[in-house]
Amino acid sequence: MTKRTPGVPNTGRSTEESESCGDDCGCSTDAGPSKEVRADGAGAVNVDENGQLGDVDFTPPSEGKSQDVDSPGAEPDKRVGVPEGVDLDTPSYSIRSEMNDIDTPDDKTWFMELDEAVIDADRCIQCGTCVAACPSDSIGVGDDGKPELVKMCTGCSMCWDFCPRGGLRYERQWKITGGEDNVSGAGDPITEFTAKVRDDWHEEAQDGGVVTAMLSTLLEEGEIDGALVATESEEDPWKAESFLATSHEDLVENAGSFYNQTMALGNLDLGQWEHKLPEKDAEDLSLALVGTPCEIEGIRALEDFDWSKGAQTELVEAVDYRISLMCTKNFNYERLIGEQLAEKRDIYPEDIGKMDVIEGEMRVYGKDGEQIIAEDVNKFHDATLKGCDECADFTGMTSDITVGSVGSADGFSSVIVRTEKGMEAWEATEPHLEHRDLDSRKAVGKLQGWDKKKAFESLERPFDPDAPRFIDYTDHAEYYGTQVAPHDRGH
């Protein structure tokens, strides 16, 4: 590398060449005195009397080696080539330690704290509520299907407050939504049925069920403009992704159960689905959302609380029907499909025709409908989302309608109608259904009780439906042993 004189831009010429470079050079040689360099840089090489920089030739960077930061005099935190007498007041690396001594305001909770207490702690249930809650659209969905920061966090606390494994006391939301009786048994439903679609409902009915029939009916009658459901990824078999169905054909094509989350509430951005909702004003939209109980808790909390909204605003407010699927737990896609089934059991995704978790068993069927395995679901515990262990909401207490298989004979679904809105959807769909009173309330109650027992064993905080809706981060950190202010400790 050509040696560079402090205060003089390097031209790449030798000293001998510099001695004859002319009056405009500004360097100090025997040929004449050096020009004075002003604070604005005027007087230096290639800087005119007005301080404007002209063309500069720089020494090509070294190749194959790093900057020397260890030798005596090597100071990577110092600006190189500042003209003598010019003070640019460049901050040193000490600025970080100085800033870390500044106390964070007590009323701010950052995404970093949610990351520390929930995501990094492997407690994230991938509901997407934090994405929908963020008013600055700073949170996105990473390649691993978990929330990640995509731009600066403002410390507004919304992601923490609405996370069902963070600041949202989900059992309090049951009472806010459903009343005093919604904390025992299977809640306080209006009515309960065992049902299935009639054989003559549609030619494609064998590919659907009660949920498909209900959503299709609401679409055909103009009650909704679309339904956010799950579809299978085109790249990864049996991996669920969010999909906005706007026709009966959409619904039939995407019928079926998946056992990984879709970050549903993280996909309520109108811009994502504008092509499916042409010529519709946002304020006039009406949607149905099909999700797990935690997703329904999240959307309910967002709808019930006055918060500063971001890009998800229009579709959050457009959700008028909330359908919950009975759920004891969900799985991490890679750990279930890749590790537990493919690696350990030689069952590959392309060979799977159907999956079901029922009667405490994981059941997998081939393309021909033949059962491949039926094993205790506890054998798949390593593949579950650990945050699901803390959930006591098997039947979706905050939904308008709950649908599942527990409590009904094979080929039928159990339907729990919880709200007047849910009753509207049921009455519209009833002519297309074969139905009777719920076969076994005891079966539903028994599994609900088991689910609560497991949740009470896993929860590190008190389960208290009468406590405030939001849990302070410092209180949560005390219960779970989570680090307080991780940004001050190199998170």
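Helices (DSSP runs of H or I, at least four residues) and strands (DSSP runs of E, at least two residues) are numbered here from the N terminus. The model is a predicted one, in which local features require pLDDT of at least 70 and side-chain atom pairs count only at pLDDT 80 or more, while totals for chains, interfaces and linings use all residues. Residue numbers start from 1 along each chain as its sequence is written, and side-chain values rest on heavy atoms, with hydrogens and water left out.

Three strands make up an open sheet in the order β8-β9-β10, with antiparallel pairing; two strands are taken to pair if DSSP finds at least two bridges between them. Because β8 (352-358) and β10 (371-376) stand at the edges with a single partner strand each, one side of each has no neighbour in the sheet. Neighbouring strands are turned against each other by 10° on average, direction ignored. Such angles run from 0 to 180 degrees between N-to-C directions, with axes being lines fitted to C-alpha atoms, for helices over the stretch in contact. Strand β9 (residues 361-366) pairs with β10 over five bridges in the antiparallel sense, and E361 stands opposite D376 in β10. Helix α12 packs on this sheet and touches β8, β9 and β10, where contact means heavy atoms within 4.5 Å. The direction of α12 makes about 105° with that of β8.

Helix α12 spans residues 333-345 and includes E339. With a relative accessible area of 37%, E339 is partly exposed; the classes are buried (under 20% relative accessible area), exposed (over 50%) and partly exposed (in between), computed with a 1.4 Å probe on protein chains only. Leaving aside residues up to four places away in sequence, E339 touches E334 and K344. The C-alpha atoms of E339 and F380 are separated by 9.9 Å, and the two residues lie 41 residues apart along the chain.

Two further helical positions round out the picture. T129 belongs to helix α4 (residues 129-133) and is buried, its relative accessible area being 0%. Beyond residues up to four places away in sequence, T129 touches F162, P164, L265, G298 and L302. D115 is found in helix α3 (residues 111-119) and counts as buried at 16% relative accessibility. Its C-alpha atom is separated by 9.3 Å from that of L149, which is 34 residues apart from D115 along the chain.
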